[in-house]
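The sequence and model come first.

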Amino acid sequence: MMSGYADDRAAIVELLNRYAQSCDRREFEAVGGCFTDDAQAEYSGKRLPRGVRHIVAHMAPLARLAASQHVVGSATIEVDGDSAVASSYTVAHLVRPVPDGHEVVHRGLHYADRLIRTGDGWRISERVHQVLWSTSSPTTWPVPRFTTAAQPAD
């Protein structure tokens, strides 16, 4: 394969990772920067109105969670000039309050994306998010600080 293909693939993987980390950091402007202005998205069967502002508004409730961590896994990417399709899997861990403390919800996700190359790099123009499985369990929150012999506690 040509290095251009490898560079495009690496840039798309970076975009998928940037989306996940931006969600977890609650950097919603950066989440929006992963999409084209007129992007279309569907989350768990709910088709959003067209436009990046609707995607950002849909993701904003993540801010109510105590913490989250999206771990992007395997991705297949097919590049065709200035367009691409990607299929990727993510495991999301979502810590949320419950009446007697906190629980962590673990979800296996699949993303089906269409992407286009823009003047600012690759952007998602269409996304379909699907929850493949979900489970939850109690968790300790906030997480206690652990120390090692090399790093004494305060």
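A contact here means heavy atoms within 4.5 Å of each other. The model is predicted, so local features need pLDDT of at least 70 and side-chain atom pairs count only at pLDDT 80 or more, while totals for chains, interfaces and linings use all residues. Numbering starts from 1 along each chain as its sequence is written, and side-chain values use heavy atoms, with hydrogens and water left out.

**Overall layout**

Three helices and six strands make up the chain. Helices (H or I, at least four residues) and strands (E, at least two) are DSSP runs, numbered from the N terminus. Their order from the N terminus is α-α-β-β-α-β-β-β-β. The C-alpha trace spans about 55 × 40 × 25 Å along its principal axes.

Burial is given by relative accessible area: buried is under 20%, exposed is over 50%, and partly exposed lies in between (1.4 Å probe, protein chains only). By that cut-off 34% of the 154 residues are buried. Among contacts with a separation of 6 or more, 54% join residues 24 or more positions apart.

The six strands form an open sheet in the order 2-1-6-5-4-3, and the pairing is mixed. Strand 2 (46–47) and strand 3 (67–80) are the edge strands; each has a single partner strand, so one side of each lacks a neighbour in the sheet. Two strands are taken as paired if DSSP finds at least two bridges between them.

Strand 1 (residues 35–43) runs parallel to strand 6 (residues 121–139), with five bridges between the two. Within this pair, E42 stands opposite V128 of strand 6. Strand 3 and strand 4 are antiparallel and are joined by 12 bridges; T76 has S87 in strand 4 as its bridge partner.

Helix 3 (residues 52–59) lies across strand 1 and strand 2 and makes an angle of about 50° with strand 1. For such angles, axes are lines fitted to C-alpha atoms, for helices over the stretch in contact, and the angle runs from 0 to 180 degrees between N-to-C directions.

Where does G81 lie? G81 is in the loop between strand 3 and strand 4. The hairpin of these strands has two residues between them, and G81 there adopts a positive phi near 65°. With a relative accessible area of 46%, G81 is partly exposed. Leaving aside residues up to four places away in sequence, G81 touches R117 and W122. From G81 to R26 the C-alpha separation is 32 Å, although they are 55 residues apart along the chain.

D7 belongs to helix 1. Its relative accessibility of 53% places D7 among exposed residues. D7 and D120 are 113 residues apart in sequence, and their C-alpha atoms are 15 Å apart.

**Cavity and pockets**

Spaces were found on a 1 Å grid over the protein atoms alone. A cavity is a set of points where a 1.4 Å probe fits but cannot get out; a pocket is an open set with protein on both sides within 12 Å along at least five of seven lines; and lining residues have an atom within 4 Å of a point. Grid points are joined across faces, edges and corners, and a volume is the space filled by probe spheres set on the points.

| Space | Volume |
|---|---|
| Largest cavity | About 50 Å³ |
| Largest pocket | About 430 Å³ |
| Second largest pocket | About 150 Å³ |

One cavity of 30 Å³ or more is present. Its lining consists of L16, Y19, A20, H70, V72, S88, T90, Y111 and R127. Helix 1 (3–25), strand 3 and strand 4 (83–98) each give two or more residues to this lining, and helix 1 supplies the largest share, three residues. Five of the lining residues are nonpolar, three polar and one charged. In these classes Ala, Val, Leu, Ile, Met, Phe, Trp, Tyr, Cys and Pro are nonpolar, Asp, Glu, Lys and Arg are charged, and the others, Gly among them, are polar.

The largest pocket has 18 lining residues, and H58, M59, L62, L94 and R107 lie nearest its centre. Helix 1, helix 3, strand 4 and strand 5 (101–118) each give two or more residues to this pocket, with strand 5 giving the most, four. Its lining comprises 12 nonpolar, four polar and two charged residues.

For the second largest pocket, 13 residues form the lining, and A112, R114, E126, R127 and V128 lie nearest its centre. Here the lining has four nonpolar, two polar and seven charged residues.
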